[in-house]
Amino acid sequence: MFWTRGKTWLYNKQSNGCFSEKMKYLILLIIRLYWILIPQSKRKKCIFKKSCSHYVFETTQKEGFIKGLKAFQFRYKNCRGNFSIFQNPIDNKIQMILPSQTIIDREEIAERLIK
């Protein structure tokens, strides 16, 4: 019985790796279709310098499905308004505070928002 559990666990572990790899390519395909089918003029303007779709695409491609999913979740929660751009009084740098209370520097903020 222990051997059966071990084999089942090993089988599931191998399946999850395969599942994760398939999901990675599914996300990449969906993003590419989004780029092809939806003209840039119809897309929502991103508050980040690197658009949300490009950020999620690169993260998924380099780091896999789980990291890509987390990148999507972070961007989705923080790219929906309720942000504030300010000049840090300590070092006079332009920064943005996101809804998650994360602070990002000017290099990550879309230029259209800074001007």
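Visitor: Why is L37 called exposed?

Guide: This is a predicted model, and its labels rest on computed values. L37 has a relative accessibility of 63%. Exposed means over 50%. L37 therefore counts as exposed. The residue lies in helix 1, residues 2-37.

Visitor: What makes the nonpolar surface patch that includes L37?

Guide: Eight names are on the list: L26, L29, I30, L33, Y34, I36, L37 and I38. Together they make a patch of about 750 Å². Membership needs over 30% relative accessible area. L37, at 63%, clears that cut-off.

Visitor: Why does K67 count as partly exposed?

Guide: K67 is at 45% relative accessibility. Buried is under 20% and exposed is over 50%. The 45% falls in between, so K67 is partly exposed. K67 sits in helix 3, residues 65-78. Its C-alpha atom is 8.8 Å from that of V56, 11 residues apart along the chain.

Visitor: How do you know that strand 1 and strand 2 pair?

Guide: Pairing needs at least two bridges. Strand 1 and strand 2 (residues 94-97) are joined by 4, so they pair. They run antiparallel. F86 stands opposite Q95 in strand 2.

Visitor: Why do strand 1 and strand 3 stand at the edges?

Guide: The open sheet has 3 strands in the order 1-2-3, with antiparallel pairing. Strand 1 (84-87) and strand 3 (103-105) each have a single partner strand, so one side of each lacks a neighbour in the sheet. Neighbouring strands are turned by 30 degrees against each other on average, direction ignored.

How values were computed:
Residues numbered from 1 in each chain as written. Predicted model: local features only at pLDDT ≥ 70, side-chain atom pairs only at ≥ 80, totals over all residues. Heavy atoms only, no water. Helix = DSSP H or I, 4+ residues; strand = E, 2+ residues; numbered from the N terminus. Buried < 20%, exposed > 50% of the residue type's maximum accessible area, 1.4 Å probe, protein only. Axes fitted to C-alpha atoms, helices over the stretch in contact; angles between N-to-C directions. Patch = residues over 30% accessible without salt bridge, like charges linked within 9 Å, V, L, I, M, F, W, Y side chains within 5 Å. Areas by Shrake-Rupley, 256 points an atom, 1.4 Å probe, with all protein chains shown as cover. Salt bridge = Lys/Arg side-chain N within 4 Å of Asp/Glu carboxyl O.
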